[in-house]
Amino acid sequence: MIIEDLLISFGAEIKNYRAGEVIFREEEQPQYYYQIKRGKIKLNNYTENGKEFIQNIFSDQQSFGESLLFLEHPYPINAVTIEDSCIYRMSKSDFLHLVQSNPQISLSIYQCLAERMYYKYIMFYNLSFQNPVSKLKLLLDHLKSYHEDKTSYSFQVPLTRQQLASLTGLCVETVIRTIKQMEKDQILKIEKGKIYY
């Protein structure tokens, strides 16, 4: 989202994280802007019985958690690496200085935040669906909307069945059964365990 040279010139450092490492925890105060150079992270919460609820998943060139740098509230989520990741980290004060001194970056941040709000609206609406096909289809449509090729089966879904379950509020067994049904209905295709939509 922000070019690397600009990040570095405003004091960003690169941090390497192993898969499964916590970047920040719920209730901690936001102190940094994060942008993924390489890797994949998830934003999640845990229910009182320990079940994971994934809010979102981000990968290369995406930022996360920046909206909270504009507030004085603690994180309502955790950020955890899904795979080994290399992430730019910039202090809150340096980030705010960067945004204030670069109108084009400010516009990019607004657009990014608007996209995230749109995603949240879709996912909240998704919770109202009872039909698991509708839940998965809405999520897959949203994910594919960022993919250039819109033809059938052109988009390889970058999520596991467990991640799809966590994002839609379904159990894994339901996701597995539903995906098989969606393949029979020619809504998606499965090749070597990968889902193509």
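This is a predicted model: local features need pLDDT of at least 70, side-chain atom pairs count only at pLDDT 80 or more; totals for chains, interfaces and linings use all residues.
1. The sides of α6 can be told apart by burial. T174, V175, T178, I179 and M182 are the buried residues of this helix. Around the axis they cover an arc of only 130 degrees, so they lie on the same side of α6. The face turned away from that buried side carries the exposed residues R177 and K184.

2. The partners of the buried side of α6 are two helices and two strands: its buried residues pack against α4 (132–144), α5 (161–168), β9 (189–191) and β10 (194–196). After the helix comes Q186, which has a positive phi, near 60 degrees.

3. At the start of α4, a side-chain oxygen of N131 comes to within 2.8 Å of the backbone nitrogen of V133.

4. Burial in α4 involves K135, L136, L139, L140, H142 and K144. The elements that cover these buried residues include α3 (103–127), α5 and α6. The packing of α6 against α4 and α5, noted above, belongs to the surroundings of this helix as well.

5. Q163 belongs to helix α5. Its relative accessibility is 10%; because buried means under 20%, Q163 counts as buried. Setting aside residues up to four places away in sequence, Q163 touches I54, I57, I82 and P158.

6. T81 is located in strand β7 (residues 78–81). With a relative accessibility of 2%, T81 counts as buried. Its side chain reaches the backbone nitrogen of E21 at 2.9 Å. When residues up to four places away in sequence are not counted, the residues that T81 touches are Y17, R18, A19, G20, E21, I23, K40 and I41.

7. R18, one of the residues touched by T81, lies in the loop between β1 (13–17) and β2 (22–24). Is R18 buried or exposed? Its relative accessibility is 58%, and it therefore counts as exposed. Apart from neighbours within four places in sequence, R18 is in contact with T81, E83 and D84. The C-alpha atoms of R18 and S59 are separated by 14 Å, the two residues being 41 residues apart along the chain.

8. Backbone phi values deserve a separate remark. Most residues other than glycine have a negative phi. Y153, a residue other than glycine, has a positive phi near 65 degrees. Y153 is placed in the loop between α4 and α5, and with a relative accessible area of 28% it is partly exposed.

9. K192 likewise calls for a remark on phi. Although K192 is not a glycine, its phi is positive, at about 50 degrees. This residue sits in the loop between β9 and β10. Its relative accessible area is 88%, so K192 is exposed.

10. As for the overall fold, the secondary structure of the protein comes to six helices and 10 strands. The radius of gyration is 18 Å, close to the 16 Å that the globule rule gives for 197 residues, so the protein is as compact as a globular protein of that length. Along the principal axes, the C-alpha trace spans about 55 × 40 × 30 Å.

11. Of the 197 residues, 41% count as buried. Among contacts between residues at least 6 apart in sequence, 71% join residues at least 24 apart. The protein exposes about 11000 Å², of which carbon and sulfur atoms supply 53%.

Notes:
Residues are numbered from 1 along each chain as its sequence is written. Side-chain values use heavy atoms; hydrogens and water are left out. Buried means under 20% relative accessible area, exposed over 50%, partly exposed in between (1.4 Å probe, protein chains only). Helices (H or I, at least four residues) and strands (E, at least two) are DSSP runs, numbered from the N terminus. The arc is that of the directions from the helix axis to the C-beta atoms. Contact means heavy atoms within 4.5 Å. A polar contact is a pair of N or O atoms within 3.5 Å; within protein, one must be able to donate a hydrogen and the other to accept it, and residues adjacent in sequence count only if both atoms are side-chain atoms. The radius of gyration is taken over C-alpha atoms; the globule rule is 2.2 Å times the number of residues to the power 0.38. Accessible areas come from the Shrake-Rupley method with a 1.4 Å probe; for residues, only the protein chains shown count as cover.
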